[in-house]
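Me: Hi! Could you walk me through this structure with me asking quick questions as we go?

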Amino acid sequence: MNLLSSMQKRKVVLVILLLVILIFLLFYSYLEFNKNDYPDSGYLFAHYQTFNNTEITFPARIRDIDTANQTLTANIGDPPYTLIEINISTIKNTLHRGDSIFVIGILTGNRTVSAERIFVRDPGLDYFIFISSIPAIPYVLFLFFRTWCFDRKSFTFIQRKKNA
Amino acid sequence: MPDWITHTTIGWIAGKVIKMEVGLVVLGSILPDLVKINHIALWFGMDLYSLFNPFHTPVGSLLVAGILALFFVDSIKVFLALSIGITTHFLLDFFLIGLTKGIQFLFPFSWERWRFNEIMIDYRITALAIIAAVLGYIYWYYKDSKKGRTEYKTR
């Protein structure tokens with residue numbers, strides 16, 4: 001019978017220990033996430049009293065721009081949208097109706113925000129990220145398995161011999 | 001978060017610069033995005049982001065790197081290479097806004113998220129990373145071939 005070497009035994013114990021810690025962290029996050037994590041924009045505006053006069057960040061889509069009053073109205077979240085009013089008196093960007101934006105600003109009241117910065121997002125960006133991420137998977141696998149192969153006997157990855 | 005091409009390209013450059021096993025650094029550069037397993041859960045109508053969130057934190061990614069590294073003979077060297085990749089991932093995510101709420105650098109001790117609110121993620125970041133990698137590839141290719149010629153001459 002093949003007995004594990006003391007080094008391998010230590011590694012097995014370490015793998016189990018690290019796995020237990022990781023699983024503990026995953027479940028800790030699962031149970032505590034909603035109580036502790038930075039809330040999404042829907043929650044921020046629904047509980048505006050709690051976050052009043054604090055800096056918030058959120059994505060939105062411009063519905064209308066009132067250049068005379070230097071404000072814009074924007075939709076946030078998924079349908080049915082929450083409509084918010086954003087003061088853009090300090091913003092120098094050129095904004096257009098329908099722009100997908102990312103706002104950093106101070107929550108000033110019920111569904112009102114004074115913008116400090118507005119970044120315009122390309123509407124096709126999410127699609128681009130998804131599409132351009134696909135070739136990365138075979139690329140990573142190629143780079144990894146070009147150098148390493150799995151040895152079933154020792155249950156470890158071993159380096160491929162160069163010029164073999 | 002930028003796309004995986006940007007992450008892996010930056011990982012490749014980092015691996016080349018610090019002369020570590022590039023395959024491992026590149027693997028490390030996308031390890032934090034194990035959080036994307038949630039997309040599989042979403043197909044089945046479950047949002048388990050809160051469960052998988054620790055994968056996208058330094059502690060969670062380093063734990064995964066630690067577990068992976070133990071399946072190699074030289075575990076410490078492998079762990080270091082994976083950690084470099086993980087670092088490049090979080091640096092990129094930290095400096096770019098638009099897709100994540102920030103990085104929970106101190107999770108599980110703090111839930112606070114940090115982000116450098118200056119650079120908006122867009123196509124130019126990917127283009128810049130690819131251009132840098134191509135230039136790097138040409139540089140290292142010529143450097144290696146020059147080194148090879150010098151070794152041949154001295155024999």
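This is a predicted model: local features need pLDDT of at least 70, side-chain atom pairs count only at pLDDT 80 or more; totals for chains, interfaces and linings use all residues.

Me: Where do A:K35 and A:E32 lie?
Reply: Both are in helix 1 of chain A. They sit 3 residues apart, which is about one turn of the helix.

Me: And is A:K35 buried or exposed?
Reply: A:K35 is exposed, with a relative accessible area of 63%.

Me: Are A:D37 and B:R113 buried or exposed?
Reply: Both A:D37 and B:R113 are buried. For A:D37 the relative accessibility is 8%, and it counts as buried because the cut-off is under 20%.

Me: Which residues does A:D37 touch, leaving out those up to four places away in sequence?
Reply: A:D37 touches B:K101, B:Q104, B:W111 and B:R113. With B:R113, the side chains also make a polar contact, at 2.8 Å.

Me: What about B:K36, which residue does it form a salt bridge with?
Reply: That would be B:D33, and the closest N and O atoms of the two are 3.8 Å apart. B:K36 is partly exposed, at 27% relative accessible area, whereas B:D33 is buried, at 3%.

Me: Where does B:D33 lie?
Reply: B:D33 is in the loop between helix 2 and helix 3 (38-43) of chain B. Its C-alpha atom is separated by 8.9 Å from that of B:S61, and the two residues are 28 residues apart along the chain.

Me: Switching to packing: at what angle do helix 1 and helix 2 of chain B pack?
Reply: Helix 1 (residues 4-17) and helix 2 (residues 22-30) of chain B pack at about 145°. Their axes are 8 Å apart.

Me: Is that crossing of helix 1 and helix 2 of chain B left-handed or right-handed?
Reply: The crossing of those two chain B helices is right-handed.

Me: And which residues meet there, between helix 1 and helix 2 of chain B?
Reply: From helix 1 of chain B there are B:W4, B:H7, B:T8, B:G11, B:W12, B:A14, B:G15 and B:K16. They meet B:V22, B:V25, B:V26, B:S29 and B:I30 in helix 2 of chain B. By class, this contact has 7 nonpolar, 5 polar and 1 charged residues.

Me: Last topic, A:N75. Where is its place?
Reply: A:N75 belongs to strand 2 (residues 71-76) of chain A. A:N75 is buried, with 14% relative accessible area.

Me: What does A:N75 touch, again not counting residues up to four places away in sequence?
Reply: The contacts of A:N75 are A:A60, A:R61, A:R63, A:Y81, A:T82 and A:L83. There is also a C-alpha separation of 9.7 Å between A:N75 and A:G98, which are 23 residues apart along the chain.

Note on methods. Residues are numbered from 1 along each chain as its sequence is written. Chains are lettered from A and ligands numbered from 1 in the order in which they are written. Side-chain values use heavy atoms; hydrogens and water are left out. Buried means under 20% relative accessible area, exposed over 50%, partly exposed in between (1.4 Å probe, protein chains only). A polar contact is a pair of N or O atoms within 3.5 Å; within protein, one must be able to donate a hydrogen and the other to accept it, and residues adjacent in sequence count only if both atoms are side-chain atoms. Contact means heavy atoms within 4.5 Å. Helices (H or I, at least four residues) and strands (E, at least two) are DSSP runs, numbered from the N terminus. A salt bridge is a side-chain nitrogen of Lys or Arg within 4 Å of a carboxyl oxygen of Asp or Glu. Axes are lines fitted to C-alpha atoms, for helices over the stretch in contact, and angles run from 0 to 180 degrees between N-to-C directions. A crossing is left-handed if the near helix is turned anticlockwise from the far one by less than a right angle, and right-handed if clockwise. Ala, Val, Leu, Ile, Met, Phe, Trp, Tyr, Cys and Pro count as nonpolar, Asp, Glu, Lys and Arg as charged, and the others, Gly among them, as polar.
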